[in-house]
Amino acid sequence: MEHEPLHPPISQKIHWQLDLSFRHFNYTTPLIESIRGNGASSVVKPMPAAFVGAPMESSKASFITKMVLLDAAKAAVAPFERVKLLMQNQNDIIKSGRLPKPYNGIFHCFATTIRHEGIFSLWRGYPVMAIGDVFSMVIRYNIFEYATTREDIRWTSMRVLELNCVAFFATQLLVHPFLYAGTRMATDVKITGNSGQRQFNGITDVYRKTLKSYGIVGLYRGFNITLVELAMLGALSTGLSLWKQYYSYILQNDYLSRVMVEFGFDICGKMATYSMDTVSRRMMMTWGGVKYKSTLHAIAQIWKTEGVKTFYNGAGAEILLCAAYTGTVMLVIYVADVIRAATEKGSDDGRSALGFTARWKDPRGK
């Protein structure tokens, strides 16, 4: 549009990716973003039509800004992530003798963890997950930045999908060891009455003990079911994207309602695949509990010995995590737009952050 600003605000660049929890590592695909109808980031030279809506930035500076803002939001909600992991894996932690009895609920888990380990322990495991998250974003950014420089390739939607599949697999292959280490650190509770002894002394100790006992394969326990989980999440996002876009268009003047619609759809997708995440996390618990031989063996053992309900342990904490992340992202976006509006004061393109309204495409083509 001729009257639109050359550089869209940060809130448009983030594309309202509320489903960027730690376990997903920015799985949302460029094709899904294109179907959602989100505005494309500004670029110096024309971008192939198939890439419109892809999560790319016009410069490394704007990419770094986006990455810092998202990681700041995730750092703020990291305690909810650890509580979710503790409740999700509490049965294996009990089998290892590190937890005397199950948690009675989310708040009991919070209170117990703070009482035995201190409040800062709620961020245990977050640093290594953040490192993996940064690597994920950098890898995807460079892959798609390289793709846009290939002017000899005609980028159709199918080729973009193929490129995204390659980027998706490569990213998961490289970051899964970080996800594994973060999970092991987060679920490593202190043994009560034993001078606060832990199983791992740090990230390096996690890798050292895993490689010594199981080799490189040990770092990829749960990898297969994680791929299935993320692929299903992507398929669900694709299937629901038109509905989300439709409701977002109807509620384009209601900022809060748009966020709640996005939050509701994302929760539906996560709950639909939550049992897969549980199986993946339980397979990572290689010490003290059951030594699962494969994904099917893990599913059968959990189902047989603990019941179907176990697959959804910690689901309430996951919902709180998503809600807290949504609120944090809203705050970050508001502050970022206020700062941007202040720096652009007096410019013809400047807009008040309080009056900012995102442009939504009518899914019916009107």
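This is a predicted model: local features need pLDDT of at least 70, side-chain atom pairs count only at pLDDT 80 or more; totals for chains, interfaces and linings use all residues.
Is Tyr 274 buried or exposed? Tyr 274 is buried, with 0% relative accessible area; buried means under 20%, exposed over 50% and partly exposed in between, using a 1.4 Å probe and protein chains only.

Residues are numbered from 1 along each chain as its sequence is written, and side-chain values use heavy atoms, with hydrogens and water left out.

Now the rings. Rings of Phe, Tyr and Trp (its six-membered ring) pair if their centres lie within 6.5 Å; planes under 30 degrees apart are stacked, over 60 edge-to-face, and the rest tilted. By that rule there are six aromatic pairs. Two of them go in the table.

| Pair | Centres | Planes | Type |
|---|---|---|---|
| Phe 135 and Phe 178 | 5.4 Å | 80 degrees | edge-to-face |
| Tyr 274 and Tyr 312 | 6.2 Å | 20 degrees | stacked |

Phe 135 sits in helix H7 (residues 126-149) and Phe 178 in helix H8 (residues 157-186), so their pair ties together parts 43 residues apart in sequence. Helices here are DSSP runs (H or I, at least four residues), numbered from the N terminus. Phe 135 is partly exposed at 42% relative accessibility, while Phe 178 is buried at 16%.

The tyrosine pair also links distant parts of the chain, 38 residues apart: Tyr 274 is in helix H11 (residues 255-284), and Tyr 312 is in the loop between helix H12 (295-306) and helix H13 (315-343). Tyr 312 is partly exposed, at 38%.

Finally, ring pairs join Phe 169, Tyr 220 and Phe 223 into a cluster.

Methods:
Helices (H or I, at least four residues) and strands (E, at least two) are DSSP runs, numbered from the N terminus.
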